[in-house]
Amino acid sequence: MIHLLTAALALVNLIFCVGILFNLPGTWLMVLIASLTEWWTEEELFGAGFLLAAAGLALLGEILEFVLGAAGSRQSGGSRRGAVLAIVGGIFGAIAGTLLPVPILGTLIGASLGAFAGSILGDALAGRRLSASISAGRGAALGRLWGTVSKLVIGVLLVLAIAIAPYT
């Protein structure tokens, strides 16, 4: 029974991991489904410490995803307004990128382009020169890309950890 349950959990978590690329809360869904599985079964599969650590990783993934886009903009000389709009633009860009014909890459490209555009708009509204705004936008786009990749790596780690934890 435990083998079937962990295999099903691993499959569902892989789907949640792909959801990260579509700006879905994949890491949180992994923690939720592991917690519900722990509660539902009579035997202890994970333990409270493991589930808290998994929630901590999910939180770290969220922080990295949202902060790196803004940090990329600020690191490249962008304004605070540009950094905030880079976050907003990244979210809207990811949603719009999902509609592109390239399924997973479209979302990543859309999020990066949205962060780029948001940063440029924010810097323009702050009265910055276009060349400085473009430089900050480039930093925001790269930051957003690395933020999403970081969260995806954390998602893969969670998939693996949840798959092997019941056997340790």
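1. A salt bridge is a side-chain nitrogen of Lys or Arg within 4 Å of a carboxyl oxygen of Asp or Glu. Side chains of opposite charge can pair when their charged atoms come close. The whole structure holds 4 salt bridges.

2. Some ground rules. This is a predicted model, where local features need pLDDT of at least 70 and side-chain atom pairs count only at pLDDT 80 or more, while totals for chains, interfaces and linings use all residues. Residues are numbered from 1 along each chain as its sequence is written, and side-chain values use heavy atoms, leaving out hydrogens and water.

3. Start with Arg128 and Asp123. They form a salt bridge, with the closest N and O atoms 4.0 Å apart. Asp123 is buried at 0% relative accessibility, but Arg128 is partly exposed at 38%. (Buried means under 20% relative accessible area, exposed over 50%, partly exposed in between, with a 1.4 Å probe and protein chains only.)

4. Now look at the network. Shared partners in salt bridges join Glu62, Glu65, Arg144 and Lys151 into one network. Arg144 pairs with Glu65, the closest N and O atoms being 3.8 Å apart. Arg144 lies in helix α6 (residues 130-164) and Glu65 in helix α3 (residues 48-75), so this pair ties together parts 79 residues apart in sequence. Helices are DSSP runs (H or I, at least four residues), numbered from the N terminus. Arg144 is buried, at 2% relative accessible area. Glu65 is buried too, at 2%.

5. Lys151 also meets Glu65 in a salt bridge, at 3.1 Å from N to O. Lys151 lies in helix α6 and Glu65 in helix α3, so the pair ties together parts 86 residues apart in sequence.

6. Which residues have the most contacts inside the largest nonpolar core? They are Cys17, Met30, Ala34, Phe46, Leu158 and Ile162, in a core of 18 residues. (A nonpolar core is a set of buried Ala, Val, Leu, Ile, Met, Phe, Trp, Tyr and Cys residues joined through side-chain atoms within 4.5 Å.) Two or more residues each come from α1, α2 (26-40), α3 and α6. Helix α1 gives the most, with 5 residues.

7. Ala34 touches Leu9, Phe46, Leu51 and Ile162, leaving aside residues up to four places away in sequence. Contact here means heavy atoms within 4.5 Å.

8. Finally, Met1. Met1 sits in the segment before α1 (2-20). Met1 is exposed, with a relative accessible area of 69%.
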